[in-house]
Amino acid sequence: MPLAGCAAPGSTLDPHSRAARDVSTLFWWMLLAAAVVFAGTVAWLALAFVRRRRPGLPVVGESERANRGLVLVFGVAIPVVALIAVFAVANFVVASRTDGSPLPARTLTVDVTGRQWWWDVSYPGTGVVTANELHIPVGTRVRVVVRSADVIHSFWIPKLNRKVDMVPGKVNRVTLEADRPGRYQGQCAEFCGVQHARMRLAVVAEPQASFDAWMKATAADRSPPTGALARTGERVFMGNACASCHQIRGTRASGRIGPDLTHLMRRASLAALTIPNTRGELDRWIRDPQHVKPGNRMPGLDLSDADYDALLAYLRGLR
Ligand code: CUA
């Protein structure tokens with residue numbers, strides 16, 4: 001099942017943007033050319049086997065000149081032409097068409113920073129900070145500016161565009177543009193440590209009006225906790241290590257080591273798409289983060305059951 005790894009949701013062969021279509025068209029043409037060469041090679045081998053008792057090569061016989069011609073055509077001319085064609089198409093056509101630089105009027109910029117092992121997402125000039133799930137409006141060219149805070153990662157949304165490496169000390173760009181609404185899955189595409197495989201992200205492409213509503217809600221400070229349990233939970237959060245690693249806008253928690261939690265409940269997943277953002281999974285995650293995703297930077301806290309319950313109530317209120 002060589003194509004099993006390409007099945008939805010993160011398939012390069014199911015493009016939803018012009019750039020991704022270019023990448024997948026290049027793939028199909030290369031596959032077709034490779035299939036022709038493979039079929040030709042197998043045919044020659046079969047012919048050689050069938051005529052193995054005759055002297056000389058099949059078809060051309062013992063003629064020295066014909067033999068040399070055969071080697072030059074199949075060993076030199078065809079490979080040179082094929083490789084030059086692939087090089088030219090890939091580097092001068094597909095690479096420039098999937099490039100992150102030229103942008104027409106309707107654009108949006110999103111900054112994404114790769115960290116071990118999650119994605120820090122912000123929309124410059126808007127106050128919107130989130131993690132692992134970035135929203136874009138459908139039909140708009142979105143400039144994604146990528147950086148790394150630690151090691152080399154690679155930002156890749158297979159259905160929308162090619163990969164772009166996130167290299168420490170360097171700024172790279174890629175353009176995302178979705179044809180239709182949807183949730184597009186992405187994956188870190190450069191080995192970056194033990195949880196590289198659990199460094200996934202999602203791009204939510206939605207109509208302009210819902211995107212605007214999401215931006216407005218996400219730019220706001222957290223809504224104050226309601227209920228005694230959630231208020232206790234906020235005190236537990238601020239009084240423990242949580243506040244030094246996470247930011248919750250509207251409180252004094254301003255840590256930037258872990259994801260911004262201001263609107264945690266607007267995200268569909270936790271731990272970079274490792275688990276769904278349900279009550280049960282969030283509870284399990286805060287009580288024992290190293291079990292779900294071993295090696296991540298979140299330490300287990302030694303809190304009482306009552307404090308964990310309060311913390312959960314508080315986090316569940318961050319909408
Ligand atoms: Cu980040 Cu692999």
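Is F92 buried or exposed? F92 is exposed, with a relative accessible area of 57%; here buried means under 20% relative accessible area, exposed means over 50%, and partly exposed lies in between (1.4 Å probe, protein chains only). Before we go on, note that this is a predicted model, in which local features need pLDDT of at least 70 and side-chain atom pairs count only at pLDDT 80 or more, while totals for chains, interfaces and linings use all residues. Residues are numbered from 1 along each chain as its sequence is written, and side-chain values use heavy atoms, with hydrogens and water left out.

Let us stay with the rings. Rings of Phe, Tyr and Trp (its six-membered ring) pair if their centres lie within 6.5 Å; planes under 30 degrees apart count as stacked, over 60 as edge-to-face and the rest as tilted. By this rule there are eight aromatic pairs. In one of them, the ring centres of F87 and F92 are 5.8 Å apart and the planes stand at 85°, so this pair is edge-to-face. F87 is partly exposed, at a relative accessible area of 49%. Elsewhere, ring pairs connect Y123, F211 and W214 into a cluster.

Rings can also have a charge over them: the rule asks for NZ of Lys or CZ of Arg within 6 Å of the ring centre and within 35 degrees of the ring normal. R52 has its charged end over the ring of F49, 4.2 Å from the centre, and K163 has its charged end over the ring of W156, 4.6 Å from the centre.

Now for the strands. Helices (H or I, at least four residues) and strands (E, at least two) are DSSP runs, numbered from the N terminus. Five of the five residues of strand 4 (residues 133-137) are buried, so this strand is largely enclosed by the rest of the structure. E133, H135 and P137 point one way from strand 4, while L134 and I136 point the other way. Two strands pair if DSSP finds at least two bridges between them. Strand 4 and strand 10 (residues 200-206) run parallel and are joined by five bridges, with E206 in strand 10 as the bridge partner of P137. Strand 5 (residues 141-148) pairs with strand 8 in the antiparallel sense, also over five bridges, and there V146 stands opposite N172. Strand 8 (residues 172-176) is mostly covered, with four of its five residues buried.

Charged side chains come next. Side chains of opposite charge can pair when their charged atoms come close. A salt bridge is counted when a side-chain nitrogen of Lys or Arg is within 4 Å of a carboxyl oxygen of Asp or Glu, and the structure holds 13 salt bridges. One of them joins D111 and R147 (3.7 Å, N to O). This pair links distant parts of the chain, with D111 in strand 1 (residues 107-115) and R147 in strand 5, 36 residues apart. D111 is buried, at 18% relative accessible area, whereas R147 is partly exposed, at 32%.

Another salt bridge brings together R249 and D260 (3.2 Å, N to O). Both residues lie in the loop between helix 5 (242-245) and strand 11 (269-270), so the pair ties together parts that are 11 residues apart in sequence. R249 is buried at 12% relative accessibility, and D260 is buried at 0%. Finally, salt bridges that share partners join D283, R287, D305 and D309 into one network.
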